[in-house]
Amino acid sequence: MSEAEAGGGSGSGGGKEQDRFLPIANIGRIMRRAVPENGKIAKDAKDCIQECVSEFISFITSEASDKCMKERRKTINGDDIIWSLGTLGFEEYVEALKIYLKNYRERVTQRVQNLLIRMERNRFYSMVNLHHCLTACRMEGGGSDWHSKPI
Amino acid sequence: MDNQPLPYSTGQPPAPGGAPVVPGVSGSAGPPPVPHHHLLQQQQAQLQAFWAYQRQEAERASASDFKNHQLPLARIKKIMKADEDVRMISAEAPVLFAKACELFILELTIRSWLHAEENKRRTLQRNDVAAAIARTDVFDFLVDIVPREEAKEEPGSALGFAASGTGVVGGGGAPGGAPAAGMPYYYPPMGQPAPMMPAWHVPAWDPAWQQGAADVDHSGSFSEEGQAGFAAGHGGADSFPPAPPRSE
């Protein structure tokens, strides 16, 4: 593992090395779930799995990317990843992830719909508000006043 | 997904007898030892239960799960973009990868843990990971990441697997070639009923993936008779293969 960059902050130099890996704390937490209560995990095992996960991502991504190129598509989407997992032998993952992706898409669609409804509602209210203001002005001073007010 | 640990029965360390494999020499007196493929079947069953549970969990994924991930999406995206051929990535791809990586970590850790248990250790070490990689075909792409020399079998270990990792799971027939340790294994011919094994010891690792599985009351479906031999003293795992988690 590379040394942490002195002075914190983002990006260049030593920090860049760590960008190749997912945070070891997160990985350790997930590993903990797979091991009994009284089990221990050596640090070198965590480091090892940290490297393996990055390799896993690269491995699957590469396959998905090839598929997109062959089909002349620019964007890797969830289906490509699921397909790649199946092709590379991770069939067990495919089932769970298909369900997961379906749920995710439904949530996103729902959220977008809700947002659109809200936006439309806001627009409607703004229009109503404007109408009220205009009506109020007309009733108060009469039209001529409004137009001939000295600047 | 949830952060809950997968509950285990409090483990007793495996008995020294472990799951011994007899060198296929004749003249072994006393009760026949556990054939290697029984251990594999058991492990296979545990893994299948794990996958059944993961499928269930995916069904139960709630809205908050998609917002709070176990793994940072930005970092996943960065790793994906390290590949020059990758141009654009849809928003759902890192989300899906977060889940896939979680499954990957869980599976690799489980398999590594099985190896640690076979060697009567309660600490997961790098060589366990190496062994898990060597044994599992799907993890062949990791062979360079974790060199095989790391997966040294400990001298006291009863199970020295062949390094090839082919066909080990499920025990399909005779092993192909001599195992790395040079120890011939005893495989009963296929189709014959397994001998009774009162000395069979179930590893303390209870495949209780489901929450609240402590109250396991479904009867074991372990194919052998003589369950009484191993049920004693063991926490809750009475069922093999373990039943899929019941929804609460």
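## Confidence in chain A

In this predicted model, chain A has a mean pLDDT of 84, and 81% of its residues reach 70 or more. One stretch to treat with care is residues 1–13 of chain A, where the pLDDT is below 50. Beyond near neighbours in sequence, that stretch has 15 contacts in the model.

## Confidence in chain B

Chain B has an average pLDDT of 65, with 43% of its residues scoring at least 70. Which parts of chain B stay under 50 in pLDDT? One is residues 156–189, for which the model has 60 contacts beyond four places in sequence. Another is residues 192–248 of chain B, with 108 such contacts. Where pLDDT is low, the predicted coordinates should not be read in detail, so please look at those contacts with caution.

For the model as a whole, the scores are ipTM 0.73 and pTM 0.59.

## Where the two chains meet

Now let us turn to the interface. How many residues of chain B are in contact with chain A? The count is 68, and they touch 63 residues of chain A. About 6200 Å² of area is buried between chain B and chain A, and carbon and sulfur atoms give 69% of that area.

The rule finds 15 residue pairs in polar contact across this interface, with both residues at pLDDT 80 or more. On the chain B side, the elements that give two or more residues include the helices α1 (36–59), α2 (63–67) and α3 (73–81), along with the strand β1 (88–89). The largest share, 18 residues, comes from α4(B). By type, the chain B side divides into 41 nonpolar, eleven polar and 16 charged residues.

## Strands side by side

The chains also meet through strands. Strand β2 of chain A, residues 75–76, pairs with β1(B) in the parallel sense over two bridges. Here A:Ile76 stands opposite B:Ile89, a residue of β1(B).

## Charged pairs

Side chains of opposite charge can pair when their charged atoms come close. Over all chains, the structure holds 16 salt bridges. Within chain A, the side chains of A:Lys67 and A:Asp80 form a salt bridge, at 4.0 Å from N to O. This pair links distant parts of the chain: A:Lys67 is in helix α3 (residues 43–70) and A:Asp80 is in helix α4 (residues 78–87), 13 residues apart.

Across the interface of chain B and chain A, the rule finds three salt bridges. One to look for joins the side chains of A:Arg105 and B:Glu92, at 2.6 Å from N to O.

Note on methods
Residues numbered from 1 in each chain as written. Chains lettered and ligands numbered in written order. Heavy atoms only, no water. pLDDT = per-residue confidence, 0-100. Contact = heavy atoms within 4.5 Å. Buried area = accessible area lost by both parts, 1.4 Å probe. Polar contact = N/O pair within 3.5 Å; in protein donor to acceptor, adjacent residues only side chain to side chain. Helix = DSSP H or I, 4+ residues; strand = E, 2+ residues; numbered from the N terminus. Nonpolar A, V, L, I, M, F, W, Y, C, P; charged D, E, K, R; others polar. Pairing = 2+ DSSP bridges.
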